[in-house]
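Subject: Structure handover

Hi,

Here is the structure I promised to pass on.

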Amino acid sequence: LSERGLLAAGGSEQTFAREEDLYAALGMPWIPPEMREDRGEIQAALAGKLPHPVEIADIHSDLHTHSDWSDGVGTLRAMAEAARARGLKVLAITDHSGGLGITGGLTGDKVIRQRKEIDEVQRQMGDSILLLQGSEVEIHADGSLDFSDEVLAQLDLVVASLHTSLRQPREQVTARLLKAIRNPHVDIIGHPSGRLLPNREGADLDWEAVLSAAQEHGTVLEIDAHPHRLDLDEVYARRAGELGIPISIDSDAHAPEQFDVLKFGVSVARRAWLEPQQIINTWPAERLIKWLRDRGSNPGRMGA
């Protein structure tokens, strides 16, 4: 095998109509394109130890989305219908908390009022999709969260994220994220580095400390599928998978059509060698609800 092709022992060129046949001729199983990064995939293939990476068809829930209750442009009903149309079984509406400065961000009072609307949309849509009320809660510069524990306890799901003060020194910005990871009400750390492609680098985090804390507390790290995020990147997503840290792949959709970006998050996960069982969005609704209940999230409402 060379850059010019594959030659038989006698020197004649061998050609193949399918990639799978070429790999077979080399004595190994086909390697998905996303895994061809020279990160051990050839050795794994030869040893019969290639993972079976997640596919878009495996994704059953989206746990980080926004509606017109904060900076989204879709109503709750429109977001729910768009998610259902794409085959999703669970949708978490996680509008921003008010402290980020997003117009219309949630306050404690708005959380209560939004719950009523979510319940009404759930009634209208029946059991065709399960709606969860969450929030993307801002992690302040001092590491405190934008909502009190009392408000957080009312939510089905809590996503905590860094958006501001990303240029703090490594020790300081890492401490902020660690404090959120250790909060028992926080289920998911959204787009952990806070980067925005192509112009804003992520925070200078101590990733070993972040991964260790997430592993200890069972906190999910997110692959934000939006093309301007793709955060976690595949390097840290793979390391998280190796440590047994649960991963979520979410669209961060702010409009109904943006659910389609989930495929980009799946691509990152495939580059990270992640299999479906490592990703909470692949779980059946019953397993996801049990997991949330076990974490102490609003068990009286979900799945009712």
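Predicted model: local features only at pLDDT ≥ 70, side-chain atom pairs only at ≥ 80, totals over all residues.

Overall fold
The chain has ten helices and nine strands. Its radius of gyration is 21 Å, close to the 19 Å that the globule rule gives for 304 residues, so the chain is as compact as a globular protein of that length. The C-alpha trace spans about 80 × 45 × 35 Å along its principal axes. Of the 304 residues, 51% are buried, meaning under 20% relative accessible area.

The sheet
Seven strands form an open sheet with parallel pairing. Their order is β3-β4-β5-β6-β7-β8-β9. At the edges sit β3 (61-65) and β9 (247-250), and each pairs on one side only. From one strand to the next, the twist averages 30 degrees.

The pocket
I looked at the second largest pocket. Its volume is about 220 Å³. The lining consists of 15 residues. Which of them lie nearest the centre of the pocket? They are H163, L196, R229, D252 and H254. By class, the lining of this pocket has seven polar, five charged and three nonpolar residues.

That is what I have for now.

Best wishes

Note on methods
Residues numbered from 1 in each chain as written. Heavy atoms only, no water. 1 Å grid on protein atoms, 1.4 Å probe; cavity = no way out; pocket = protein on both sides within 12 Å on 5 of 7 lines; lining within 4 Å. Points joined across faces, edges and corners; volume = space filled by probe spheres on them. Nonpolar A, V, L, I, M, F, W, Y, C, P; charged D, E, K, R; others polar. Pairing = 2+ DSSP bridges. Helix = DSSP H or I, 4+ residues; strand = E, 2+ residues; numbered from the N terminus. Axes fitted to C-alpha atoms, helices over the stretch in contact; angles between N-to-C directions. Rg over C-alpha atoms; globule rule 2.2 N^0.38 Å. Buried < 20%, exposed > 50% of the residue type's maximum accessible area, 1.4 Å probe, protein only.
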